[in-house]
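Good morning, and thank you for joining this group meeting. Please keep the sequence and the model in view.

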Amino acid sequence: MSHDRFLSPRPAFPGAALSLAVPLALSLVLGAAAPARAAVTLPDCPAMTKWAGGYEKNAKWEPNDLGSRHWFPAIFAAPETAEVFGKPVLEWTPDEAKSIATALKACERALSKEKRYRERNAVSDVKTWASRNVANYLETSAAARGAYDTAFAALAQAKPSPGLLAFYTGMAKIGDGRKGYDAAQRATAQLAGDVQKAARAALSSARDLPQAELDSRIAPAAAARIDSQRTAVRAAIEVDIANMPVSIQGLDALSGMRKALAKDYADVFPREDVAAITGKIGTRETAIGTQIADMMIADIESAADGMPAFNNIATQLNSGLLQRLPPAQAARVRAAASAKAEAVGNALMPAFRKNLADLPVEDASIDSLDGPTLAYVRQSLAPAPAVRVRFEQAVAARRSEIVAALTKAEAGTMRGRHYADRAGRIKMEFVDRTRVFVTAPDGQTAAGTYTEEKDGRVVVTLPNKSMVLTREGRRLTGGPVELRRVDAN
């Protein structure tokens, strides 16, 4: 299966695959038949001795900037080499390089007999380089040239794709050095099977071709492939966009296409093409988002009235799908959820208020309102904050009514009353009109004083602190402290 990021699991190009004709591919790669090349000239020993005098041990010639493993002394690539031997070193055959080495060896012997050792040493060194590195590179580059041509011709049969265009784009810049080579290398990860194999074979072979050939032959041929395939690839991408399914996977795929277009294909397509494709991605995202939002809204609106409607709203808003919709469509879903919640809340409120009104005026009702009733409201109406607030206000209002009634019934002096928390660890005993005994959780009892304010609050003063408590029926509350009236022991 292709790893091309633009292509969906289905074939990206309906019908027959697009390809370049073999004759055109071969003509781009091989060009017209080259005339037979002249053989090298084997000059006399004085000429070779003079030429070898320009040899520098540390001066290297490398085929290109791509990191080839081959090199030989720069003297072989110097202009005077072509003058001495009749043609440039890159036009030699491996056998010709070896014949030159043989001639140099004979010259070496002659110089030894004449005891011209310094000149002999230079001739000896270039003789060794000619027979080894030069001959080896000429053989390697010839094989690489054939391998490249075979691989590039095979790629002509591959179906055009964004990944292949990215590969060609890198190859079109390979004459500029590693940047184009690395781009082509990255693009091979988007290819698969025989196409990937051919692309990597072409790259591997290019590393052993001379820079001039990369500039004059390899790069232009890759550029020609780009020009011939770009329109077909863009059309195929646009078909994929138009056929993207109405689903979360479709939205994810479109998002991935947008990112890949910006990251991996910005150099593949002209700026106007990138803008056009990006626009089509946005249009399809809007269309898919609109259809998904329509389905979500229909589900929200069709839910039966009652508390289960809020469960449905919660499911729609927390499904994860809402966050993936385009902002405008997500806003539509939220608005529909709010409208449904408002309608359901308005329908439930009268019955809810009646249930609250039916609660008896007693401490147990306050416990019920503070505990399970309020928890149920907050949990069930969490998806509808505005509705939840109104229900919480109704609970608070009924609680205030019950507290007021109980407080009125409990009106009177605090003298003689006993209070304790639920666990019985904190106790207060109001002894008379001014004195109070307070028992702490550790069991220690302290004597203090208290005053009753006109608004019903009670101020308790102990040796090290004081506290303000509010009377709520049979309760005294203050911050985290809640004490309830108990019978005296």
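This is a predicted model: local features need pLDDT of at least 70, side-chain atom pairs count only at pLDDT 80 or more; totals for chains, interfaces and linings use all residues.

**Helices, a barrel and salt bridges**

Let us begin with Glu213, which lies in helix H9 (residues 211-242). Helices here are DSSP runs of H or I with at least four residues, strands are runs of E with at least two, and both are numbered from the N terminus. Residues are numbered from 1 along each chain as its sequence is written, and side-chain values use heavy atoms, with hydrogens and water left out.

Is Glu213 buried or exposed? Its relative accessibility is 12%, so Glu213 counts as buried. The term buried means under 20% relative accessible area, exposed means over 50%, and partly exposed lies in between, with a 1.4 Å probe and protein chains only. Leaving aside residues up to four places away in sequence, Glu213 touches Arg145 and Ile218, where contact means heavy atoms within 4.5 Å. The side chains of Glu213 and Arg145 are also joined by a polar contact of 2.9 Å. A polar contact is a pair of N or O atoms within 3.5 Å; within protein, one must be able to donate a hydrogen and the other to accept it, and residues adjacent in sequence count only if both atoms are side-chain atoms.

Helix H8 (residues 193-206) comes next. H8 has 14 residues and spans 20 Å from its first C-alpha to its last, close to the expected 20 Å; the expected span is 1.5 Å times one less than the number of residues. Among the buried residues of H8 are Gln196, Ala198 and Leu203. The cover over the buried residues of H8 includes H5, helix H6 (162-172), helix H7 (178-187) and H9.

A brief stop at a loop: Lys115 is found between helix H4 (94-113) and helix H5 (117-155). Lys115 is exposed, at 61% relative accessible area, and its phi is near 60°, a positive value in a residue other than glycine. Most residues other than glycine have a negative phi.

We now turn to the strands. A closed barrel of 8 strands runs S3-S4-S5-S6-S7-S8-S9-S10, with antiparallel pairing. Two strands pair if DSSP finds at least two bridges between them. Strand S5 (residues 435-439) and strand S6 (residues 445-452) run antiparallel and are joined by 5 bridges. Within S6, Thr449 is the bridge partner of Arg435.

Finally, the charged pairs. How many salt bridges does a search of the whole structure find? The search finds 34, a salt bridge being a side-chain nitrogen of Lys or Arg within 4 Å of a carboxyl oxygen of Asp or Glu. Glu410 forms one with Arg417, with the closest N and O atoms 3.5 Å apart, and both residues are buried. Glu410 also forms a salt bridge with Arg485, at 2.9 Å between the closest N and O atoms. Arg485 lies in strand S10 (residues 481-486) and Glu410 in the loop between helix H16 (385-409) and strand S3 (418-420), so this pair ties together parts that are 75 residues apart in sequence. Arg485 counts as partly exposed, because its relative accessibility is 27%.
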